[in-house]
Amino acid sequence: RLVATGQPGWASFRPCVRSLYRPPQGDSHSSRRLRVWISQCRMATQGVGNTVAASASTQRNEDYRLEQCVKRLKRNVSDCTQVSNKLAAVLVPLFEDESGVVKVILTKRTSKMNSHSGEVCLPGGKRDEGDKDDAATALREANEEIGLLSSEAEVISELDPMLSKHGLSVKPVVAVVKHDFVPIPSAEEVSSVFSMPLHFFLEGGENHSHRDADWGGLAYRLHFFQHDDYTVWGLTAAILIEVATVAFGRSPLFEVETDEVTSIGRIHLHASGALGIRGSL
């Protein structure tokens with residue numbers, strides 16, 4: 001019963017024990033036997049609780065390893081339909097550190113940049129004429145921004161495109177890089193390079209917050225994640241929430257959107273008819 005109900009604690013078991021056997025009033029011998037039995041059961045349930053908790057923790061650790069994440073991401077089927085006529089792509093570089101934690105590499109843009117200056121971003125940008133596809137765009141931009149060679153990255157998945165605030169159809173391209181990759185940031189574009197555990201974008205907690213805004217009469221939600229001195233927000237946060245959801249096969253522990261307020265990552269699904277996004281941008 002304890003395992004079936006997911007409540008291995010003694011508090012859930014004690015009433016069951018007492019309901020199994022009630023000695024006649026005044027029967028001290030039977031009462032003593034009952035107390036001994038309850039004590040033995042209590043120790044046993046503590047063992048069950050520890051075993052169940054350890055098993056759940058082990059399963060969670062295995063589910064969160066990079067190998068399992070890669071399998072789930074490879075199974076993901078992306079919608080290739082662009083959400084505007086202006087194409088762009090970002091690289092989502094994943095690696096597993098020495099302690100087995102899956103992390104994502106991010107950059108902070110310099111104040112010199114015309115767009116997204118000083119913001120935390122994934123390596124990426126607009127498609128060039130010489131780029132054959134979204135993966136080529138993402139890898140080229142990653143090379144320019146952080147010195148990542150295409151031979152150092154294994155592209156494993158692409159997610160559905162999202163609409164940026166500048167009207168770009170942004171395609172997330174997920175790749176695996178080695179844990180000992182040493183970034184060489186572009187002095188013109190990148191002020192710093194850092195990494196974050198990917199599971200942060202599922203768990204929320206005190207370092208997560210959100211703000212609702214309006215775009216052309218459509219309510220949408222922006223998510224913010226604080227990590228040391230960095231704030232990941234906007235479309236970058238939306239992309240990483242989606243990557244983490246697919247990679248770990250779990251839903252976020254916070255409310256990504258509601259019936260009234262859509263996620264910024266899905267605003268094109270609601271705005272395309274009202275704002276004519278697909279045809280006009």
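Where in the structure is the place of Asp131?

1. Asp131 sits in the loop that runs between β4 (124–126) and α5 (134–146). Helices (H or I, at least four residues) and strands (E, at least two) are DSSP runs, numbered from the N terminus. Keep in mind that this is a predicted model, where local features need pLDDT of at least 70, side-chain atom pairs count only at pLDDT 80 or more, and totals for chains, interfaces and linings use all residues. Residues are numbered from 1 along each chain as its sequence is written, and side-chain values use heavy atoms, with hydrogens and water left out.

2. Is Asp131 buried or exposed? Asp131 counts as buried because its relative accessibility is 10%; buried means under 20% relative accessible area, exposed over 50%, and partly exposed in between (1.4 Å probe, protein chains only).

3. Look next at what surrounds this residue. Apart from neighbours within four places in sequence, Asp131 is in contact (heavy atoms within 4.5 Å) with Lys126, Ala136, Thr137 and Arg140.

4. Now for charges. Side chains of opposite charge can pair when their charged atoms come close. A salt bridge is a side-chain nitrogen of Lys or Arg within 4 Å of a carboxyl oxygen of Asp or Glu, and by this rule the count comes to 16. Salt bridges link Asp128, Asp131, Arg140, Glu141 and Glu144 in a network. Within it, Arg140 and Glu141 meet at 3.3 Å, N to O, and both residues are buried.

5. Another salt bridge joins Lys74 to Glu154, with the closest N and O atoms 3.8 Å apart. Lys74 lies in helix α4 (residues 66–75) and Glu154 in strand β5 (residues 153–158), so the pair ties together parts 80 residues apart in sequence.
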